[in-house]
Amino acid sequence: SVMQLHGARDAGKPEQSAGQPGALPRIRGWLLVYIAALVVILLHGAGLTIASIVIYAHPAAAGLHSFVPLSFLLFYVITNVILILYGVVLFIRMSQRRRSAITNNIIFNILSVSFLVAWHLIGEKSNVGTLVDSAPNLVGAAYMLLSRRVRSTFIIRPPVRPYLRGTQCRQ
């Protein structure tokens with residue numbers, strides 16, 4: 001019967017008593033679009049990082065005749081790796097529905113734009129490329145700041161732990 005099907009489907013889920021809060025909100029709508037775009041941005045950054053190393057090692061393979069200084073390449077690679085690692089942290093925070101995911105996403109987007117401007121200043125990005133690549137991060141930061149869905153989805157605060165002198169603090 002239908003009741004048996006529902007019981008079998010929910011068998012692996014823990015039961016909630018009246019005092020427990022409801023299930024965590026699902027990630028959907030524009031938040032899901034934001035997360036998908038973040039995946040694409042991070043994969044794109046990883047691909048560009050690998051390509052920049054390959055092209056630096058074999059510039060003729062890309063039809064280039066001039067060289068980029070090693071310091072510029074290292075700056076580009078290190079900043080991209082920072083963004084990729086920070087992106088992994090973001091996905092962990094978002095999967096845990098941590099309230100800190102909101103602040104960290106805003107910081108990530110601002111950091112991304114800052115790196116784009118820095119790459120532009122050292123000649124690694126064109127004016128148009130800097131503007132086009134900055135747009136998703138600026139929209140993402142605004143979305144994280146203004147969205148009610150974001151505020152209602154990332155709701156878990158860290159546990160309160162005792163402080164050394166008897167007061168309490170958040171970690």
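Biologist: How are helix 3 and helix 4 oriented to each other?

Modeller: In this predicted model, helix 3 and helix 4 are roughly antiparallel to each other. Orientation is read from the crossing angle, and an angle over 145 degrees counts as roughly antiparallel. Here the axes of helix 3 (residues 70-95) and helix 4 (residues 100-121) cross at roughly 165° and come within 10 Å. The crossing is left-handed.

Biologist: Which residues make the contact?

Modeller: From helix 3 the contributors include F75, Y76, I82, L83, Y86 and L90. Helix 4 supplies, among them, I107, F108, L111, F115 and W119. Sorted by class, the contact of helix 3 with helix 4 has 14 nonpolar, seven polar and one charged residues.

Biologist: What is the overall order of helices and strands?

Modeller: The protein has six helices and two strands. Along the sequence they follow the pattern α-α-α-α-α-α-β-β. Of the contacts with a separation of 6 or more, 66% join residues 24 or more positions apart.

Biologist: How many salt bridges are counted, and which residues form them?

Modeller: A salt bridge requires a side-chain nitrogen of Lys or Arg within 4 Å of a carboxyl oxygen of Asp or Glu. By this rule there is one salt bridge. D133 pairs with K125, and their closest N and O atoms are 2.3 Å apart.

Biologist: Why is D133 classed as partly exposed?

Modeller: Buried means under 20% relative accessible area and exposed over 50%. D133 falls in between because its relative accessible area is 28%. Across the protein, buried residues make up 26% of the 171 residues.

Notes. Residues are numbered from 1 along each chain as its sequence is written. This is a predicted model: local features need pLDDT of at least 70, side-chain atom pairs count only at pLDDT 80 or more; totals for chains, interfaces and linings use all residues. Side-chain values use heavy atoms; hydrogens and water are left out. Buried means under 20% relative accessible area, exposed over 50%, partly exposed in between (1.4 Å probe, protein chains only). Axes are lines fitted to C-alpha atoms, for helices over the stretch in contact, and angles run from 0 to 180 degrees between N-to-C directions. Helices (H or I, at least four residues) and strands (E, at least two) are DSSP runs, numbered from the N terminus. Angles under 35 degrees count as roughly parallel, over 145 as roughly antiparallel, 65 to 115 as roughly perpendicular and the rest as oblique. A crossing is left-handed if the near helix is turned anticlockwise from the far one by less than a right angle, and right-handed if clockwise. Contact means heavy atoms within 4.5 Å. Ala, Val, Leu, Ile, Met, Phe, Trp, Tyr, Cys and Pro count as nonpolar, Asp, Glu, Lys and Arg as charged, and the others, Gly among them, as polar.
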